[in-house]
Amino acid sequence: MNGKEIFFGLTDVGDDLIEKAEHGQFSSDAKFSGETNRIKRTRKPLLIAAIVALMVLLMGCAVLLLHLEDLRVGEETYVDGMRYAQDGSKIPETEKVRHFISIGGAEGSKNYQALKEWMEFKQSYDPDGTIWKENSGFEKPAQYNNYVDAYSQQMLDKIDELCQKYDLKLEGAAVIFQGGDGDLFAQVLGIDSVVNGEQYLQAEFGGARAAESGNFNAAYQATLKNPETQQEYTFTLIYDYRSKDCFSSGYLMIEDGENVEQWNHKLPDGTDVLIASDKGGDAYLLIDREDAFIDITIRNVGWNWDSPGDVMSHADMELIAESLNFSLKPRQIENITQLQQSIEERYQAIQDATEDPEEAAQRRRVYEENEFHDNYGDLICQIRDNESYFTDHCNVAYENFWDTMDYTLRDVTGDGEDELILGRDGHIHEIWTLQNGRTTRIASSYYEGYLCEGNIFEHYVFLDGRPYHHYSHIEEDGRTHEWKDVDYDPHDGWVLIDENGTNRTLISEEQAMEIINSYVRISLEMESVKTFPLS
Amino acid sequence: MEDSKIIDLFFARNEDAIRHTDDTYGRRLYHLAENIVKNGQDAEESVSDTYMKAWDTIPPQRPRYFFAYLAKICRNFALKKLDWKNAEKRKAEIVSLTEEMEMCIPDKARDRELEGKELSMVLDQFLRTLTPENQMVFLRRYWYADTIAQIAARYGITESAVLMRLNRTRAKLCTYLEMEGIRV
């Protein structure tokens, strides 16, 4: 079985599940499941001191240090569709260049040259994909498993040829660790934590792939706390280690490679790190050691791609670099069969663990204690006094609730009773009603929510140059019905999804604006929750 | 037009059935196919092939969930048209998705051959162990091949929340497959 087979196998899951994924929406208490991730994303200006320090660093070190240009093994052009800026202006369709970056070594090294030859070979070997189609069932010997882009014996022969030519070894059979196997992973490879202490950066192991050679690629859920700015970010961090003794066919692909920002940073121990930050919100830390090449990918540094103030500063990325351990020297995995057995035992332990019904009941109790009240004042007190529950389980927008959240009371459902509307900066984050005598959430938006005329709730999201408007009608019973989406997709243009999601139509920009303008947002006069008359 | 009326047209062998299917679902099927093949022509062909397949199979079949019925056919055609070699070369999204799925496979299951239908059944059973929200997020990612940003926007949650749900669901799937491997 392989990943592709699972992907294919999903095709025939139940029709009801597929329909639900197409039409369904999250229920108002969906986040009760405790799956919400806590994210702090606040704007901050770049510190002048950091800019000055960076300029000095660049001026002092520009010539001798590693640059992406030294690592580029190929490129290709692609078209990035038209997008919008937040002010509504258009960013026209542009042709961009995608760069392929060696993560084995810099130009001139045998690892770089082997990778370049491999990529050139692949381009000319099977241009129309005929061999690939003929070899769909091709099974590689285990020692080639890490060469995911090889699919024929000739390609394996080419790998052997490159290894011989450049005196490189195969990476060897690979084994996969799942989240929870972090200790075993470190023990098997004989490595310390990827983090140097956890003062500023914490990293929770999420899974890894390791080869017999000791090469590995590990994913972490990381949190950075910058003590100077009090900024906190959560993101995915991928730590990729490649020994220079081995031939590795992997490479980094950087979108819009010509607009990548890069600079060098010297760590306290003298290690030079190349830091690169692309426009998509990803960043890369590259370390060219004598014996190994390490690349770190920092995913989702910022997803609001045209708003650099939301993205990490140089100082934040440098703090990550300084917090990571680049001295790791994983040992070879001597007995991979034994390792697989260890991992199986781990899975067996997970399987044997039974769900504790008392634990589930306790979670339910916590949910009810926090969210069920017989008046809005008690609810506000509860959010004030137990903010972390509400940010973790309801809406991240509840952060700094007492100091920053505003409220107003308004009959949204039309039943003659007021609902509690909570929001800030002119938009709504949550609407609560009293249903059967207890507080119940009826609408929620982490991004921007608006109340429109006619008891319509608009959930507005602007991500990656794409505006998205979701409209739903709030009924007297507090439920929402008859939703409609108007959103922009760089590939399709403007799209209208109506009749509760059963009809998707491409529309012109004028038509989209006409629909959007037909929903008139109501200006709400809100005041601080501190002024709410608490009993 | 309502699904039942469109299906009636198929049963009456009235070619308007295709037109109404296209009016109602064409764009969404195209979007699904395009997510997979990333190529307008192949996506169009996948949708056209879907209509022909629907024409050939309705009747005798009368699908209860008409969109899901069409979408499954369309997804199959799109996956068949996908040039995996070039997709891998481009490190396309679809390759990332299969690699993410690869991470879900416990090692002992790697060598085990499952019949396609058996695997689908196992996956169906697994999905029904999840909360509705996690089902939807998982299927938007791995069935409809939506991006993380699209899923976040669709359900009004953050991208990190999407990633976390996917990470946890993949870990659960790994455990589930392991259990299946032991049981069968």
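Mentor: Two residues are in contact if their C-beta atoms, placed from the backbone, lie within 7 Å. By that criterion, and leaving aside residues up to four places away in sequence, Gln332(A) touches Glu212(A), Ser213(A) and Gly214(A). The model is a predicted one, in which local features need pLDDT of at least 70, side-chain atom pairs count only at pLDDT 80 or more, and totals for chains, interfaces and linings use all residues. Residues are numbered from 1 along each chain as its sequence is written, while chains are lettered from A and ligands numbered from 1 in the order in which they are written.

Gln332(A) lies in the loop between α8 and α9 (336-352) of chain A; helices (H or I, at least four residues) and strands (E, at least two) are DSSP runs, numbered from the N terminus. Between Gln332(A) and Glu212(A) there are 120 residues in sequence, yet their C-alpha atoms are 5.6 Å apart in space. Gln332(A) counts as partly exposed because it has 16 C-beta neighbours inside 10 Å; 20 or more other C-beta atoms within that distance make a residue buried, 12 or fewer make it exposed, and partly exposed falls in between.

Helix α8 (residues 314-323) of chain A has 8 of its 10 residues buried, so it is largely enclosed by the rest of the structure. The buried residues of α8(A) are His314(A), Asp316(A), Met317(A), Glu318(A), Leu319(A), Ile320(A), Ala321(A) and Ser323(A). In chain A as a whole, 36% of the 535 residues count as buried. Its secondary structure comprises 14 helices and 23 strands. Of the contacts in chain A between residues at least 6 apart in sequence, 57% join residues at least 24 apart.

Confidence should be kept in view, and pLDDT expresses it for each residue on a scale from 0 to 100. Chain A has an average pLDDT of 81, with 83% of the residues scoring at least 70. Residues 28-63 of chain A stay under 50, and for them the model has 56 contacts beyond four places in sequence. A further stretch of chain A with pLDDT below 50 covers residues 303-309, which have 16 contacts in the model beyond near neighbours in sequence.

Elsewhere in chain A, the axes of helix α4 (residues 110-125) and helix α6 (residues 153-166) come within 10 Å and cross at roughly 155°. The crossing makes α4(A) roughly antiparallel to α6(A); angles over 145 degrees receive that name, those under 35 are roughly parallel, 65 to 115 roughly perpendicular, and the rest oblique. The crossing of these two helices, α4(A) and α6(A), is right-handed. Lys110(A), Gln113(A), Ala114(A), Glu117(A), Trp118(A) and Phe121(A) of α4(A) make the contact with Lys158(A), Leu162(A) and Tyr166(A) of α6(A). The residues of this contact of α4(A) with α6(A) comprise 5 nonpolar, 1 polar and 3 charged, where Ala, Val, Leu, Ile, Met, Phe, Trp, Tyr, Cys and Pro count as nonpolar, Asp, Glu, Lys and Arg as charged, and the others, Gly among them, as polar.

Chain B has 11 helices and 0 strands. Of its 184 residues, 52% count as buried. Residues 24 or more positions apart supply 64% of the contacts in chain B with a separation of 6 or more. The average pLDDT of chain B is 75, and 76% of the residues score at least 70. Over residues 107-113 of chain B the pLDDT is below 50, and this stretch has 14 contacts in the model beyond near neighbours in sequence.

A pair of helices also joins the two chains. The axes of helix α2 (residues 15-23) of chain A and helix α9 (residues 132-142) of chain B come within 9 Å and cross at roughly 85°. Therefore α2(A) and α9(B) are roughly perpendicular to each other. Leu17(A), Ile18(A), Lys20(A) and Ala21(A) in α2(A) meet Pro132(B), Gln135(B), Met136(B), Leu139(B) and Arg140(B) in α9(B). The contact of α2(A) with α9(B) has 6 nonpolar, 1 polar and 2 charged residues. For the complex, the predictor gives an ipTM of 0.74 and a pTM of 0.55.

How values were computed
pLDDT = per-residue confidence, 0-100. Axes fitted to C-alpha atoms, helices over the stretch in contact; angles between N-to-C directions. Left-handed = near helix turned anticlockwise from the far one by under 90°.
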